[in-house]
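Please look at the model before reading on.

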Amino acid sequence: MKKLVLAVLVGFVLTGCGGGGDDSGSPQPPIETKPQVVQGTINAVNVDANTIEVNGYSYNVASVAYGADTHYSIKDLQKNMMVAVFTSSKVGALVQLEPTMVGKITHIDRANSTFVINGATLTFSLDQNIDVNDWVMVSTLPQATETGLGYKVLSVVKFEHEGIANHYEIEGQISNLTDIQFNLGAGTNVDYSNARIEDNATLQNGQWVEVKGQMNGDTFDAYEVEVETYDDSNNDHEIEGIVTWVNSDKSQFELNARGRFIVNSQTRFEDGSKVNLVAGELVEVTAVNGIAKEIEFERDFGGETGDWHEFEREGHVYSVGYDHFMIAGETFYVDAYTEFEDNLTLETLNGVYIDVEGVIIDGKKVVREIEREDD
């Protein structure tokens, strides 16, 4: 979560937390409990009532913002836009726009329902009022494709605000990282040689990042890169997203390729059960310090598994490289989300008999969990 948004939320909550109670002693009717922070897609917009629905909850909208720009209103919101909603008990909701991409459309192929933005070719049937050179916000969810972790487009919204012009932003999973460049999901090549890295983070393959900059030919020249995670999630935080990996005993899963959650005996399931927890499913997760308190399946989503394929292998490790190792002739890759158990590290794997689990994308076996085993 971005620091600016959190700062706004703190002020928002404090202004809404007034004192005083009901001293009448009369029993009060039950009050619907809503998460203080919800991340998901807009299900419906009612401009006349000044409300939106996100993840099944209705919110009265107090303000709408994109980053530090507050020149937005409920009239700018549309169904299927990705947003973060911040609430308090006494005031309306602050809606923060959370698009995956912002930029200018450079090509449209209406016959094949594709368009190009920020160097990425996406599949979606655009409205007829959207044309080349229009500035848009694109909301997506992760999707496994033949070329890597790509994007399932949910909405493309045209904007004419002055603040959005010449603003380029793109999110995605890092691959093919070098000292100056990396690739993102749908083929965007990013040059980060002159970029500021938020929180001095160390960039690694597999991280989900938000990149700001501008297009320079076929390259996205970044001036800022921020690693996106769910580390700050708490018991008042509900997140909608795609399950991007699940371990074999379904005790852990990854959401939107940017955060891992634990499933235990206290985890509640709605509209499904633990058996339905597979890569490609759309879920809403309420978490408490990294533990899934509740997992709700969006059954009408259909469990679009696409090209998601998971694996599990055992064997002796050999031929360890800077980001990979081999077992019985197969190459396995590690990234930012690979978890090493039993005090193992990549440097100490050679010759060790291990059990590995992970997901296959773009033909590569990317490891999510490594455990020592008795051979």
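Two strands pair if DSSP finds at least two bridges between them; strands (E, at least two residues) and helices (H or I, at least four) are DSSP runs numbered from the N terminus. This is a predicted model, in which local features need pLDDT of at least 70, side-chain atom pairs count only at pLDDT 80 or more, and totals for chains, interfaces and linings use all residues. Residues are numbered from 1 along each chain as its sequence is written, and side-chain values use heavy atoms, with hydrogens and water left out.

Q: Which residue is the bridge partner of V102 in β12?
A: Strand β12 (residues 168–173) runs antiparallel to β7, with two bridges between them. In β12, V102 is bridged to E169.

Q: Which residue takes a positive phi in the hairpin of β7 and β8?
A: β7 pairs with β8 (residues 114–117) in the antiparallel sense over four bridges. The hairpin has four residues between the strands, and the residue with a positive phi, near 55°, is S113.

Q: Is T140 buried or exposed?
A: T140 is placed in strand β10. Buried means under 20% relative accessible area, exposed over 50%, and partly exposed in between (1.4 Å probe, protein chains only). Because its relative accessibility is 6%, T140 counts as buried.

Q: With which side chain does the side chain of T140 make a polar contact?
A: Not counting residues up to four places away in sequence, T140 touches M82, T100, Y151, K152, V153 and L154; contact means heavy atoms within 4.5 Å. A polar contact is a pair of N or O atoms within 3.5 Å; within protein, one must be able to donate a hydrogen and the other to accept it, and residues adjacent in sequence count only if both atoms are side-chain atoms. At 2.9 Å, the partner of the T140 side chain is the side chain of T100.

Q: Which backbone oxygen does the side chain of S155 reach?
A: S155 lies in strand β11 (residues 148–158) and is buried, with a relative accessible area of 5%. Residues that S155 touches include K79, N80, M81 and F124. At 3.0 Å, its side chain reaches the backbone oxygen of N80.
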